[in-house]
Amino acid sequence: MDTTVGAALRTPRRPVNLPTARVPRGRVLVIPARCKACNYCIEFCPQDVLVASADGNAKGYHYPEVAAGKEESCVHCQFCALVCPEMAIFTVPADAPAVGGG
Ligand code: SF4
Ligand code: SF4
């Protein structure tokens, strides 16, 4: 058995709960009127969930929206909400009830 440091570094580390780990899923909520189209949320999303919308808000800014085919890709890491200077985007757990109970 190879017990060198090099062998230890080559051994992939695995979380002990890997078999039961559940990847969180999120739902993206955008407040278009607040958006200034800085694109921070789009650039920082590790899952490439977001793109600039074709539509603009009343000031002409192209707010983010979920990209086609990425509807199930948000992992609710909340980086987008963290970097947004306008508090125009946030996420909730995918299984959270809709706002207003609808
Ligand atoms: S919560 Fe994370 S994965 Fe989901 S859209 Fe925001 S940055 Fe992307
Ligand atoms: S980070 Fe905020 S202000 Fe910037 S594009 Fe995203 S939602 Fe708009």
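## Around ligand 1

In this predicted model, ligand 1 is surrounded by 14 residues. C45, C74, C77, F79 and C80 are the closest of them. Two elements, β1 (26-30) and α3 (79-83), each contribute at least two residues to this shell.

By type, the shell around ligand 1 holds nine nonpolar residues, five polar residues and no charged ones.

## Around ligand 2

Ligand 2 is also surrounded by 14 residues. Here the closest are C35, C38, C41, C84 and A88. The shell around ligand 2 is made up of 11 nonpolar residues, one polar residue and two charged residues.

## The largest nonpolar core

The largest nonpolar core has 14 residues. Those that touch the most other members are C41, C45, L50, C80, A88 and I89. At least two residues of this core come from β1, and at least two from α2 (40-44).

Leaving aside residues up to four places away in sequence, A88 touches V30, I31, R34, C35 and Y63.

## Residue V83

V83 lies in helix α3. Is V83 buried, exposed or partly exposed? V83 has 15 other C-beta atoms within 10 Å, so V83 is partly exposed; a buried residue would need 20 or more, and an exposed one 12 or fewer.

Not counting residues up to four places away in sequence, V83 touches Y40, C41 and F44. V83 and I42 are 41 residues apart along the chain, and 10.0 Å separates their C-alpha atoms.

Note on methods. Residues are numbered from 1 along each chain as its sequence is written. Chains are lettered from A and ligands numbered from 1 in the order in which they are written. This is a predicted model: local features need pLDDT of at least 70, side-chain atom pairs count only at pLDDT 80 or more; totals for chains, interfaces and linings use all residues. A residue is near a molecule or strand if its C-beta atom, placed from the backbone, lies within 6 Å of it. Helices (H or I, at least four residues) and strands (E, at least two) are DSSP runs, numbered from the N terminus. Ala, Val, Leu, Ile, Met, Phe, Trp, Tyr, Cys and Pro count as nonpolar, Asp, Glu, Lys and Arg as charged, and the others, Gly among them, as polar. A nonpolar core is a set of buried Ala, Val, Leu, Ile, Met, Phe, Trp, Tyr and Cys residues joined through C-beta atoms within 7 Å. Two residues are in contact if their C-beta atoms, placed from the backbone, lie within 7 Å.
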